[in-house]
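Here is a short report on one protein model.

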Amino acid sequence: MNTDFRGLWLLAGAWVAAYFTLPAWVLWCSLALLVLLLALLLRARHDQAHSAPWFSGPLILLLGLIAVSMLGLSNPPCQLPAGSEQQRRAVVSFQDPASAQGGASAAGPAQIQRYWNQDRWVQCQVPVYLSGEYGLPAHAGEFEVILDLDAAQAGSFDWWARAASEPKVRSWVEPTAADFLKQRFVLSLGQLPDNAQALLPGMLYGDRSGQDEALGDAMKTSGLSHLTAVSGSNIALIAAIVLVLFRLFSVPRAPSAILTIGVVGLFTWFVGPDPSVLRASLMGSIAVISVLLGRGQGSLGILCLTGTVLLVADRSLGAEPAFALSVLATLGIIMLAPALTEIFAQFLPSWLAQLTAICCAAQFTCLPVIIALNSNFSLYSLPTNLLVAPLLPLITSVGMVCLLLCTPLPGFSGVLIWVPGLLAESIGKAAHFTSGLPGAARPWPEGLGGIMLAVMLAVVLCTLLIVGRETEKLRVRQVALGVLGAILVCVLALVLPATLFYREKVPPQWSIAMCDVGQGDAFVINLGDARGWLIDTGPPESGLLACLDRLGIQSLSKVFITHTHNDHFGGVEELEDSGVQIDERLVSTGFDLELWPGAQVLEPGTQQVAGDIRFEVIGPEAKFAQFAEPNDTSLVLRFSFATKNGIVDFFAAGDMETEAMDRLLKLHPQGPAAILKASHHGARNGGTEILEQIHPQVLLISVGEDNSYGHPHPQTLEVAKQIGAEVFRTDQSGTVLLTFTTEGVLGTSLGTPVR
């Protein structure tokens, strides 16, 4: 074989020692074995002078393992007192202070600086993942808070932590020049479309704070989330631009290399010490030095040396997913991409063969980590990445120019930013489109078994590819590539049928479903035993019946129609002809009964109870509904669900507009409700006062994708953000289920149906 794989032994040994806490007897045995191998190395040899002994790989592995293990013994990590669950007062700081600013809640990786134990403060730095319903002011540093702690089983942090009290800020962090530049750049994005504003900071310097939950989920499901994490491609592009500029100005080789390393270091400081950034910048710097010294590039060796150095410097990286993904993706590109390029070049153009090979190589090696994190994989990741990959160099290069010019030349930067902005917007659109396709996120066996299956598949595929390319024996090469082809055919034969026919399981204990019926409303309340209540039917042929079938609803005890507009009443005829049993047909005082024979009018104040569910009719008042527009005749309902943790209220506002709703709420004042169905699909004329009065934890918006009305209005979304409401939209999440748990209202998406 032509490739030197000894660096992999060093990286493997260091990684094992960093990830696992090895017992003392294992270290002593490893040390004894190392001494034995060193003795064998010093013995009289009879082979060629420059040949490597057969045990050189295990010898290097032991060196890496013992070096990192001994370093860990000399610097034992600080630990909290024993107990998998505990509550403690602690002084904490977020790793990224920006993650805790600008909202009503905070979440992200953090570190306990000291904790209160036995009437004194104990200095102890413990990594945690902290979340809470309390935000922090800008530039907050360390803060004191009571934490509910639950031990983490794996990962780069030791504990899951939740803030059980309002934080008290103890120190402040002065903003740096990098912070001011980032803030100025974000302000310069104000005129761009929403996806561009959210994605560009992440694509340029790894800031994902502007992404809402729907966009973040779409990026993950489509396999594009890596684009908003600074990686080797960003570092390589910046270094290449700098080197080209130095060459244009005839800067000598040695100063160019030194200055390039300086620019890469400056960029690393600007972005922050993210594991992928550290890996890419250190590897790039070593590569520049290697070329300068005339040692060649040696990508595999440089990667292994970089990974080992970082693990020696910080062994916690051994359990950091971002570090693993960065190293494994680079490893796959170095080792597998050449072989895959040769295979794909037989039936694809050379440029497309190389691009496809790079995407496939990274997918192969990263599969175990992806499965460990999500228990699923993205079916359309490869074609989506191939589609957007040509846009990335232009986004990064022009975006960095705009970033540097947004302060000295804001006018020029404001015009130029539309170039990467429109490209980033198209990536966001592609992510949403791909995530809405059937089978976008494929299930994978959960737990250790699923992870081991992914590891075995990745190892087998990588081994066959490497053997097929590196071996000098034609017969072995043919067999390896033949077996590889057979495995891929078998995998595709299993995946494709599953993709066509698999549907996500519906949680059995769901309480409320917001069916995706396009631009319209259709909500189902679960009574159990395949029975339910329906609020509106959506427009004709909108998929209501498919939604009921998916939810397992076979009979409807009550069907509420809020008003006569087609997007709420249009599916009634289809529902009546479907064979679904309907017991009661209920409408408002402003409804024309000739449109739906057999319907009963619900007067304001009407109350009914069915098991643990109770509803009350809030409006409209007959004297106002008689002469009102159809929207203002909407049936307004308040449902109350009796759960183990108390009453959960659901306020359904129909399409009633601002003035009519204000008048109704003055006549019948309402207290807060956990769930609110946005009035008129979140339109501006639905008003925001109802949001402020009901103050929901969850806001439901049933709306069609790319609708011509502009629903929901940005003001509605902004007020929802200000009050801390979690927003679910059918245009982004498809059909949404709400389940009442001990921790509150849990929302899950069933995805967009095929229409």
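Ser250 is exposed, at a relative accessible area of 61%. Here buried means under 20% relative accessible area, exposed over 50%, and partly exposed in between (1.4 Å probe, protein chains only). Ser250 has a positive phi of about 55 degrees, although it is not a glycine. It is found in the loop between helix 7 (232-248) and helix 8 (253-271). Helices (H or I, at least four residues) and strands (E, at least two) are DSSP runs, numbered from the N terminus.

This is a predicted model: local features need pLDDT of at least 70, side-chain atom pairs count only at pLDDT 80 or more, and totals for chains, interfaces and linings use all residues. Residues are numbered from 1 along each chain as its sequence is written, and side-chain values use heavy atoms, with hydrogens and water left out.

His695 also has a positive phi, near 45 degrees, and is a residue other than glycine. It lies in the loop between helix 25 (689-694) and strand 20 (698-701). His695 counts as partly exposed, at 40% relative accessibility. A cis peptide bond joins Gly619 and Pro620, with omega about 10 degrees. Pro620 sits in the loop between strand 16 (613-619) and helix 23 (622-625).

## Overall make-up

The secondary structure comes to 27 helices and 23 strands. The protein has 755 residues, and 45% of them count as buried. Contact means heavy atoms within 4.5 Å. Among contacts between residues at least 6 apart in sequence, 66% join residues at least 24 apart.

## Two helices

The expected span of a helix is 1.5 Å times one less than its number of residues. Helix 10 (residues 299-313) has 15 residues and should therefore span 21 Å; its end C-alpha atoms are 21 Å apart, which agrees. Its buried residues are Leu300, Ile302, Leu303, Cys304, Thr306, Gly307, Thr308, Leu310 and Leu311.

Helix 13 (residues 350-374) has 25 residues. It reaches 33 Å from its first C-alpha to its last, close to the 36 Å expected. Where does helix 13 bend? The bend is at Cys366, by about 55 degrees, and a proline, Pro368, follows within four residues. The bend at a residue is the angle between axes fitted to the seven residues ending there and the seven starting there.

## Aromatic pairs

A pair of aromatic rings is described by the distance of the centres and the angle of the planes. Rings of Phe, Tyr and Trp (its six-membered ring) pair if their centres lie within 6.5 Å; planes under 30 degrees apart count as stacked, over 60 as edge-to-face and the rest as tilted. By this rule the count comes to 19 aromatic pairs. One is Trp116 with Trp121, edge-to-face at 5.3 Å centre to centre and 75 degrees between the planes. Trp116 is partly exposed at 35% relative accessibility, and Trp121 is partly exposed at 31%.

Tyr129 and Trp160 form an edge-to-face pair, 5.8 Å centre to centre, with 65 degrees between the planes. This pair links distant parts of the chain: Tyr129 is in strand 3 (residues 121-132), Trp160 in strand 5 (residues 159-163), 31 residues apart. Tyr129 counts as partly exposed at 27% relative accessibility; so does Trp160 at 44%. Elsewhere, ring pairs link Phe523, Trp533, Phe560, Phe615, Phe639 and Phe650 into a cluster.

## Charges over rings

A charge sits over a ring if NZ of Lys or CZ of Arg is within 6 Å of the ring centre and within 35 degrees of the ring normal. The charged end of Lys182 sits over the ring of Phe270, 5.1 Å from its centre. Arg663 lies over the face of Phe624, 4.3 Å from the ring centre.

Is Thr260 buried or exposed? Thr260, in helix 8, counts as buried at 1% relative accessibility. A polar atom of its side chain lies 2.6 Å from the backbone oxygen of Ser256. Leaving aside neighbours within four places in sequence, Thr260 is in contact with Ala239, Val242, Leu243 and Phe246.

Asn117 is in the loop between strand 2 (106-116) and strand 3. Its side chain makes a polar contact with the side chain of Arg88, at 3.3 Å. A polar contact is a pair of N or O atoms within 3.5 Å; within protein, one must be able to donate a hydrogen and the other to accept it, and residues adjacent in sequence count only if both atoms are side-chain atoms. Not counting residues up to four places away in sequence, Asn117 touches Pro81, Arg88 and Val122.
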